[in-house]
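Here's a quick tour for anyone meeting this structure for the first time. Take a look at it, then read on.

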Amino acid sequence: MYGTTGRLTTIHLNAPELAAQSIGEGRWPIEVKLHGDFRSRRLKNTGDELRHQDVRLRQVLIDSCRRFGLVIVGYSGRDDSIMDTLEEALDQEEAFPTGLFWLQRGDNPPLPRVGQLIAKATDAGVEAALVPVENFDETLRDLVRLINDLD
């Protein structure tokens, strides 16, 4: 991936320092599970847990949004802790230097908070857009087709 033989680094809630270290070292690709997942001992998905998302992982996300752009896919915007974090990242100087793109599946409009985030980003001079997509598989296929000589 990305022209390297690097392995995917998966960061869970129990290792927030690994996220900061991996990003700082440019160790790509990185997957950060802000809520944990079915393999995690610390799955977070109740309303109260989501409101108190791990502070360190949120800070890593904010710091990353000052260095990189962001493409959001497969996320509705329902979790206030993540939306709060994205809004806080947008308040940082030079946020999302290569853009903020929200891939929206289906014909339904995004949640109001998503639309507000994109509008706020555009107002701040960030290249930002809602991008309609059919589904993840077709979107990934289309992106892969843009890479020449990919085996």
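## Two helices crossing

H3 and H4 cross in a right-handed way (right-handed if the near helix is turned clockwise from the far one by less than a right angle, left-handed if anticlockwise). Helix H3 covers residues 55-67 and helix H4 residues 80-90, and their axes come within 9 Å and cross at roughly 35 degrees. On the H3 side, the contact is made by Arg58, Leu61, Ile62 and Cys65, and on the H4 side by Ser81, Thr85, Leu86, Glu88 and Ala89. Here contact means heavy atoms within 4.5 Å. Axes are lines fitted to C-alpha atoms over the stretch in contact, with angles from 0 to 180 degrees between N-to-C directions. Helices are DSSP runs of H or I with at least four residues, strands are E runs with at least two, and both are numbered from the N terminus.

Before going further: this is a predicted model, where local features need pLDDT of at least 70 and side-chain atom pairs pLDDT 80 or more, while totals for chains, interfaces and linings use all residues. Residues are numbered from 1 along each chain as its sequence is written, and side-chain values use heavy atoms, leaving out hydrogens and water.

## Salt bridges

How many salt bridges does a search of the whole structure find? The search turns up 6, a salt bridge being a side-chain nitrogen of Lys or Arg within 4 Å of a carboxyl oxygen of Asp or Glu. Among them are these:

| Pair | N to O distance |
|---|---|
| Arg141 and Asp142 | 2.8 Å |
| Asp84 and Arg113 | 2.3 Å |
| Arg113 and Glu87 | 2.9 Å |

Arg113 sits in helix H5 and Glu87 in helix H4, so their bridge links parts 26 residues apart in sequence. Asp84 is partly exposed, at 42% relative accessible area (buried is under 20%, exposed over 50%, partly exposed in between, with a 1.4 Å probe and protein chains only).

Most residues other than glycine have a negative phi. Glu94 isn't a glycine, yet has a positive phi of about 60 degrees, and Phe96, also not a glycine, has one of about 45 degrees. Glu94 is in the loop between H4 and strand E4 (100-105), and Phe96 is in the loop between H4 and E4. Are they buried or exposed? Glu94 counts as exposed at 61% relative accessibility, whereas Phe96 is buried at 2%.
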